[in-house]
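Please look through the sequence and the coordinates shown here before reading the report that accompanies them.

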Amino acid sequence: MIRRNILSDGAVRQQFIDGVLALKDPARFPWPGQQGLSIYDLFVAWHHQSMMLFTPPTQRDRNAAHSGPAFLPWHRYFLLRFEGYLRSALGDPDFRLPYWDWAADAALADPRQSPLWTETAMGRFTAPGTWQVRVVPAERGLTRLSRPRPLDRALGRGGALPTRDAVRTILRDQVLYDAPPYNSTSNGFRNYLEGWEGPARIHNNVHVWMGGDMTDSTSPNDPVFFLHHCNVDRIWQAWRLRYPNAPYVPAQSAPNTLAFHRLDDALYSVLREATQATPRSVLDPLALGPPFSAADRYEYDTLADLQA
Amino acid sequence: MQDKTKRHGKQKAPARRETGSRRKSVPRAIAPLVFDPFKPGSEHPDWVMKGFPSYVEHAHESLVRSTRVLEHRGSAITITTTYEVRVDERLVTLHMMVDEEGRLWSHLCPYLTFATATELVRHLIERMPHLFEPARPSPGGREDGDSTHHGEHEHHPTHVHGGAR
């Protein structure tokens, strides 16, 4: 099954919108034990909680899903499970997440004029009657807003969308997946794509360019989060195909101070998995390991723009 | 403020597919584990709480204290930075940390770094005003920060704190 560009497939775009609206509805997809909250809100909380877990707690950089090797596999896992819920909401076993090719928009004279932000696409989510933010960061955890508020965006007020050349540069130059000390100071593809290293600050810069809720630890409050990370995942897949012999690191023999990030470590999860997802289990989208099945496999409509 | 760097075709018309009417079976989505990110001590699922107790029990208060260990020409440099920030006289921690380059960040807004604590606090006041609202006593005499019940909020101002230790 194919993950497609959201701007080139109107049917998938509409399915994505319909699906996230369904998952956001507590009456249709309730978060068990959290009255008035939905499965969508659970994904927001899951992302936030992963960020609050320093791995290990003796340092203040790497957390369970960011600033470390697990950044890419953890988000692939997160997207796979969100995609599964969307399939349930849509009743469509063939549905796959679309991606936002933000490098294409970076080439526009004004990226804010991209069709992505129109009322028939992702622009609709800033309408207060359509979408409300319910879960936001607190000083020491998460807060439920007793009066949910509209989604906040500030497109283009900070940051910049990464260009195609910038993405191609890291795909060409970064031949190792990651490197010690496996944090935000590391060399390697993961850290350049995540955006702590390199002038383009690839992934991070998209969060900053969008502004508003996308800059918070609860950034999945904006459904564009999933389109953005789907594109990040596409870039990782292009890199894997370019360097098929470059292993995921660290291996399982690495010190346990790298727990949550080693090849066979359980990825931080709040779901009742039969088998815990690991980096190894998600390395190949066409041959996903347990807990995933053939029904979860996917590939991208194109990687050609990433191969120059 | 700046974005955090080193802590260092033509559009087709939408053609709506009918949803929910397909005959193929859809595998069940995976159910959530029991965890409550709004309740102190229950923020993570059991497998994390039991498997990594030291990871989940760190004191948030210590986050205002950052220690950087650097090396320069063979000398080990240790720099410890401690911030005490009060907003309207109330002590706040805000998860403030200092990266290797001496810039401030907070995982409340993880993609940004700030040159000064003033910039960071200003950003959070504008972006997350709920963090700075004084907690009001609930009918039971407790602060909102102790409340973990979310069904009714009529007596609350605009939010319910969660995760306080």
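## Overall make-up of the chains

This is a predicted model, and its two chains are described in turn. Chain A contains eight helices and four strands, which follow one another from the N terminus in the order β-α-α-α-α-β-β-α-α-α-α-β. With a radius of gyration of 18 Å, close to the 19 Å that the globule rule gives for 308 residues, chain A is as compact as a globular protein of that length. The C-alpha trace of chain A spans about 50 × 45 × 40 Å along its principal axes. Buried residues account for 60% of the 308 residues in chain A, and, among its contacts between residues at least 6 apart in sequence, 59% join residues at least 24 apart.

Chain B, in turn, has three helices and nine strands, and its elements run β-α-α-β-β-β-β-β-β-β-α-β from the N terminus on. Of the 165 residues of chain B, 28% count as buried.

## The nonpolar core

The largest nonpolar core holds 108 residues, of which Leu23(A), Trp74(A), Val167(A), Leu193(A) and Ile235(A) touch the most other members. The element that gives the most to this core is helix α3 (residues 71–90) of chain A, with 12 residues. If residues up to four places away in sequence are left aside, Trp74(A) touches Ser50(A), Ala65(A), Leu267(A) and Tyr268(A).

## The contact between α1(A) and α3(A)

Helix α1 (residues 10–24) of chain A and α3(A) have axes that come within 9 Å of each other and cross at roughly 95°, which makes α1(A) roughly perpendicular to α3(A). On the side of α1(A) the contact is made by Gln15(A), Asp18(A), Gly19(A), Ala22(A) and Leu23(A), and on the side of α3(A) by Tyr85(A), Leu86(A), Ala89(A) and Leu90(A). Sorted by class, the residues in the contact of α1(A) with α3(A) are six nonpolar, two polar and one charged.

## The surroundings of Tyr192(A)

Tyr192(A) belongs to helix α6 (residues 189–194) of chain A. Because 25 other C-beta atoms lie within 10 Å, Tyr192(A) is buried. Not counting residues up to four places away in sequence, Tyr192(A) touches Ile170(A), Gln174(A), Glu197(A), Gly198(A) and Ile202(A). Tyr192(A) and Ala121(A), by contrast, are 30 Å apart in space, C-alpha to C-alpha, and 71 residues apart in sequence.

## Backbone details in the loops

Chain A has a cis peptide bond that joins Thr55(A) and Pro56(A), with omega about 0°, and Pro56(A) is found in the loop between α2 (39–51) and α3 of chain A. The peptide bond from Pro290(A) to Pro291(A) is also cis, with omega near 15°, and Pro291(A) lies in the loop between α8 (224–242) and β4 (299–300) of chain A.

Positive phi values in residues other than glycine occur at Ser67(A), where phi is near 60°, and at Asp88(B), where phi is about 50°. Ser67(A) is found in the loop between α2 and α3 of chain A, and it is buried, since 28 other C-beta atoms lie within 10 Å. Asp88(B) lies in the loop between β4 (85–87) and β5 (90–92) of chain B, and, with 8 other C-beta atoms within 10 Å, Asp88(B) is exposed.

Terms used. Residues are numbered from 1 along each chain as its sequence is written. Chains are lettered from A and ligands numbered from 1 in the order in which they are written. This is a predicted model: local features need pLDDT of at least 70, side-chain atom pairs count only at pLDDT 80 or more; totals for chains, interfaces and linings use all residues. A nonpolar core is a set of buried Ala, Val, Leu, Ile, Met, Phe, Trp, Tyr and Cys residues joined through C-beta atoms within 7 Å. A residue is buried if 20 or more other C-beta atoms lie within 10 Å of its own, exposed if 12 or fewer, and partly exposed in between; C-beta atoms are placed from the backbone. Helices (H or I, at least four residues) and strands (E, at least two) are DSSP runs, numbered from the N terminus. Two residues are in contact if their C-beta atoms, placed from the backbone, lie within 7 Å. The radius of gyration is taken over C-alpha atoms; the globule rule is 2.2 Å times the number of residues to the power 0.38. Axes are lines fitted to C-alpha atoms, for helices over the stretch in contact, and angles run from 0 to 180 degrees between N-to-C directions. Angles under 35 degrees count as roughly parallel, over 145 as roughly antiparallel, 65 to 115 as roughly perpendicular and the rest as oblique. Ala, Val, Leu, Ile, Met, Phe, Trp, Tyr, Cys and Pro count as nonpolar, Asp, Glu, Lys and Arg as charged, and the others, Gly among them, as polar.
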